[in-house]
Amino acid sequence: MAPKKAKRRQQQGEGGSSNVFSMFEQSQIQEYKEAFTIIDQNRDGIISKDDLRDVLATMGQLNVKNEELEAMVKEASGPINFTVFLTMFGEKLKGADPEDVIVSAFKVLDPQGTGTIKKEFLEELLTTQCDRFTAEEMTNLWAAFPPDVAGNVDYKNICYVITHGEDKEE
């Protein structure tokens, strides 16, 4: 009886998240698959505590407590196969930071507290730092959030859309 329940629970977990593949582009799914394969050290298709311990050890973290590993594994509702792994990332990405956290990050770039950032400054940051925006991504950004006549971008509006979706009142 127990194995059937476990199997049924696993199927429900996967079935409820099969839509997760539509949340990502194919290239992103491939990147997550590569990451999953690296973490799944014993190649059994499931990320376990031992897999996490082994991959953390390869990154130089040798003294990870058992409780920490258990907490990581317990973030999933069941065994962490690739679909569950992808679902966990989807949930984390879907649940973006709260609006005030994102606004605070932008405020660092707005020392005068105007609520805006110069388009040129924001574009320079987004195209030269970390995950750099492409020219097409910049075009899409400016189409969605056009700067005012003085060349300022309302970052509070951007934060609102990030956290609430595009259904903003005009």
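Reply: D50 and R53 both belong to helix α3, where they stand 3 residues apart and are therefore separated by about one helical turn. Their side chains meet in a salt bridge, with 3.2 Å from N to O; the term denotes a side-chain nitrogen of Lys or Arg within 4 Å of a carboxyl oxygen of Asp or Glu. Side chains of opposite charge can pair when their charged atoms come close. D50 is partly exposed at 47% relative accessibility, and R53 is also partly exposed, at 30% (buried means under 20% relative accessible area, exposed over 50%, and partly exposed in between, with a 1.4 Å probe and protein chains only).

The model is a predicted one, in which local features need pLDDT of at least 70 and side-chain atom pairs count only at pLDDT 80 or more, whereas totals for chains, interfaces and linings use all residues. Residues are numbered from 1 along each chain as its sequence is written, and side-chain values use heavy atoms, with hydrogens and water left out.

The structure holds 2 salt bridges. Besides the pair D50 and R53, K49 forms one with E70, their closest N and O atoms lying 3.3 Å apart. K49 is in helix α3 and E70 in helix α4 (residues 66-74), so this pair ties together parts that are 21 residues apart in sequence. Both partners are partly exposed: E70 has a relative accessible area of 30%, and K49 has one of 26%.

A pocket here is an open set of points on a 1 Å grid over the protein atoms alone where a 1.4 Å probe fits, with protein on both sides within 12 Å along at least five of seven lines; lining residues have an atom within 4 Å of a point. The volume of this second pocket is about 340 Å³, taken as the space filled by probe spheres set on the points, which are joined across faces, edges and corners. Its lining comprises 13 residues, and I39, L52, F85, M88 and F89 lie nearest its centre. Helix α5 gives the most, with 4 residues. By class, 11 of the lining residues are nonpolar, none is polar and 2 are charged (nonpolar covers Ala, Val, Leu, Ile, Met, Phe, Trp, Tyr, Cys and Pro; charged covers Asp, Glu, Lys and Arg; the others, Gly among them, are polar).

The largest pocket holds about 770 Å³ of space. Of its 17 lining residues, L126, F133, L141, I158 and I162 are the closest to the centre. Helices α6 (99-107), α7 (119-128), α8 (135-144) and α9 (155-164) each supply at least two lining residues, and α6 provides the largest share, 4 residues. This lining has 12 nonpolar, 1 polar and 4 charged residues. The buried residues of α6 are I102, V103 and F106. Seen down the helix axis, they fall within an arc of 100°, so they line one face of α6; the arc is that of the directions from the axis to the C-beta atoms.

Buried residues make up 26% of the 170 residues in the chain.
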